[in-house]
Amino acid sequence: MAQTLTRKARENNYAVTGSLHVVSPVSAADSERYSGLLSVSDREALDNEQRDVRVWDPSVDTAARYVKYATSASNEKSESVSVHARRQALDRRLRRRFKALLSNHGLAPPIQAYERWLFNARASATAKQRKDPLLPFNIHAEPGLVADLFRADLADKEAKNVVRMLGKEATACVQELLDLKAKESVSDGEDVVITMHQYSVDVSCGKYAFCKLSLAHYEKLQMLYARYSGKKLENEDGDNSHFSRALMALLLRYQSMLGHGFQAAMSNVSFNVLNREFGVDFECFASPLNSRWGRHCSAFTDTDGVFGSLGDFFSFKPHEGSFEVNPPFVRPIMEKAAEHVEYLLARAEAAKKALSFVVVLPAWEECTSWTLLKESKWLQAMTVLPGGDHGFIDGAQHQRQDRYRPSPYPTAIYFLQTSLAEARWPVTEKKIALLRYAMILSMPTKAEADRRMRAGRGFGDLDGGGGVYKGKKKSKRGHEEVGQDGKELDRKRVHADMNDDVDEAY
C-alpha cells in the first residue's frame, strides 16, 4: 500500500538541489563595471520600455527570410481534439503512476523530474521511437530520470526499475493513442466552444477538455493563425471551427507539458535590446504562446505550425541571420543546442555568411554545453548575471496575472558569430551592459513574488523552474468560479485534475 507522504518527503528534492549544479561564480566587480557603462538616459530609456506589457511584437515578421531554412515536416497530419484530450488524460495517468511508484519507496517525485524525463526521452528518441509528439515510446531506461531518482536517495537498482515500469506504461499509452487515431478523423468529436470574458477566454470541448487563456494571448493567436495558417479565421458562413480546433489542440498540448519554468522567455525589454543592438529577430526555442515575434522554432510542429512555428531548432538550418537560443534548461537539450549552434556557425563561415547567435543558458559549469560554448572559436563575448537579481517571463504567462519569475541561478549569455556577423553586429561592452540591465528590470515586484509563494509556485524555482497554474479557487459546492461575470462552470473532474497538477508538477 502506498505510504502517506509527509510535507518533508514531498519536497525531498529541495534538500539535494544544492548538489545538482556547480554554478559559476559571478564577480561583483564585473557587475559594477557593466553598470558604470550606462548613463542616466540609458537607464531611463529602458525603464520606459519596461512598461510595455504587450504579449508580442507583431511588427517583426521574418516569414519570408527564414521559412526557407525550415527542414522539419510541416505537413504532419492533424489530430482530432478528442485525441489531444485523450493524450492529456493519459499524461495525467502517467504522472499519477510515477507518483505511486515512488510512494512505495516513501518518496515523492523530485521537482520537475517528470518533465525532464519527457524532454530527455524526446531528445534521445530514434525515428522508430517517435510515435507520439509528447509521450515516450519504447524508451524503458532513460538515464536522466534514473539519475534524478538516485539523487533523491533511491537505490540504483530500484531507480532503474521505477523508470522501466514508467516507460512500459508510457508505451502502452502511446499505443492506445495510435489505435484511437486510426479509428477517428480530424473532424470527429464535439465542437470546440469559445467563451469570451472581460479579461480571459475559456476554450472547451465536451465534458473534460477545458483550457483558459488571457484575452491578449487569444487575440495574438488569432493574428498568428491568420498570418501563417493559409486559412481565414472564419469562412463565408462565419464558421471558425478550423481555428477553434487548432487553438484547442495547442492549449491542450502545452497544458499537458506543465513545467512552466522550462518554457520561460526573456522579457519584452530584453528582446527589444537584442533586436536593436544585436539584430536578433527570431527565437530558436519558443512557442506560439510565449514567442516575442511571429516566426519561431518550437517543439511541436503539428500543433504550432499554423501559428508560426517553423519546426524544432535541430531541423532548422539557417545560413545567415541573428538568432536568440534559450532552450529548456535540461542538459541533453542544452548540449544538443550548443552542438547545433557550433555546426551552423562552421557551415555559415565556410559559405561566407553573416550568422550570429545569442545563447542564454544557466551558468552550470558541470554541463557540456558550458564548456562547449565557453571554449568555442566563434565566441565573441560572454557575460554571467548573478542568480536572484534578474528574471524571465513565466512560461504560463498566458494564464497568469503576474508575468515575471526570478532566475534562481546565475545566467550565462554567450555571443557567437561568424566573421561577417562580427562586422555586421559588433558585440560591445556597452551593448552587453544594456542587455544586462534589461534583464535586471525583468524581476517580479515584491507583491508579485509574495503572490507566487502563496500560490505554491515558488519552490520549483530551486530546481531551475517549476510550479503550474492552479486554476481558480473552487466554490464550496466544488465547482470552479470562472470568468469575470461570476458564473460557475460545472467541471469537477477537469479541475480536480488541474489541482492534481499542482501536486504532480515534478
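**Salt bridges, strands and a charged patch**

Mentor: Let's start with R116, which makes a salt bridge with D148; their closest N and O atoms are 2.9 Å apart. Keep in mind that this is a predicted model.

Trainee: OK, and where do R116 and D148 sit in the chain?

Mentor: R116 is in helix α6 and D148 is in helix α7 (residues 143-151). They are 32 residues apart, so the pair links distant parts of the chain.

Trainee: Is R116 buried or exposed?

Mentor: R116 counts as buried, because its relative accessibility is 10% and the cut-off for buried is under 20%. D148 is buried too, with a relative accessible area of 5%.

Trainee: Which salt bridges share partners?

Mentor: There's one network that joins E79, R87, D132, K181, R253 and D302 through shared partners.

Trainee: And how many salt bridges are there in the whole structure?

Mentor: A search of the whole structure turns up 24.

Trainee: What does E115 pair with?

Mentor: E115 forms a salt bridge with R95, and the closest N and O atoms there are 2.6 Å apart. That pair also links distant parts of the chain: E115 belongs to helix α6 (residues 113-124) and R95 to helix α5 (residues 81-103), 20 residues apart.

Trainee: Are E115 and R95 buried or exposed?

Mentor: Both are buried.

Trainee: What about R54, what does its side chain meet?

Mentor: The R54 side chain meets that of D52 in a salt bridge, at 3.1 Å from N to O. R54 counts as partly exposed, at 42% relative accessibility, whereas D52 comes out as buried at 18%.

Trainee: Which way does β1 run against β2?

Mentor: β1 (residues 192-196) pairs with β2 in the antiparallel sense, over five bridges. If you want a spot to look at, T195 has D202 in β2 as its bridge partner. The two strands form a hairpin, with three residues between them.

Trainee: And how many bridges join β2 to β3?

Mentor: Six, and β2 and β3 (residues 209-214) run antiparallel. S204 stands opposite F210 in β3.

Trainee: Now the surface. Where is there a patch of negative charge?

Mentor: Look at E234, E236, D237 and D239, which gather in a negative patch on the surface. D239 is found in the loop between α9 (215-228) and α10 (241-257).

Trainee: How accessible is D239?

Mentor: D239 has 37% relative accessibility, so it counts as partly exposed.

Trainee: Last one: which helix does E158 lie in?

Mentor: E158 is in helix α8 (residues 156-183), and at 35% relative accessibility it counts as partly exposed. Check H105 while you're there: E158 and H105 are 53 residues apart along the chain, with 8.9 Å separating their C-alpha atoms.

Conventions:
Residues numbered from 1 in each chain as written. Predicted model: local features only at pLDDT ≥ 70, side-chain atom pairs only at ≥ 80, totals over all residues. Heavy atoms only, no water. Patch = residues over 30% accessible without salt bridge, like charges linked within 9 Å, V, L, I, M, F, W, Y side chains within 5 Å. Areas by Shrake-Rupley, 256 points an atom, 1.4 Å probe, with all protein chains shown as cover. Salt bridge = Lys/Arg side-chain N within 4 Å of Asp/Glu carboxyl O. Lys, Arg positive; Asp, Glu negative; His and termini not counted. Charge placed at Lys NZ, Arg CZ, Asp CG, Glu CD. Helix = DSSP H or I, 4+ residues; strand = E, 2+ residues; numbered from the N terminus. Buried < 20%, exposed > 50% of the residue type's maximum accessible area, 1.4 Å probe, protein only. Pairing = 2+ DSSP bridges.
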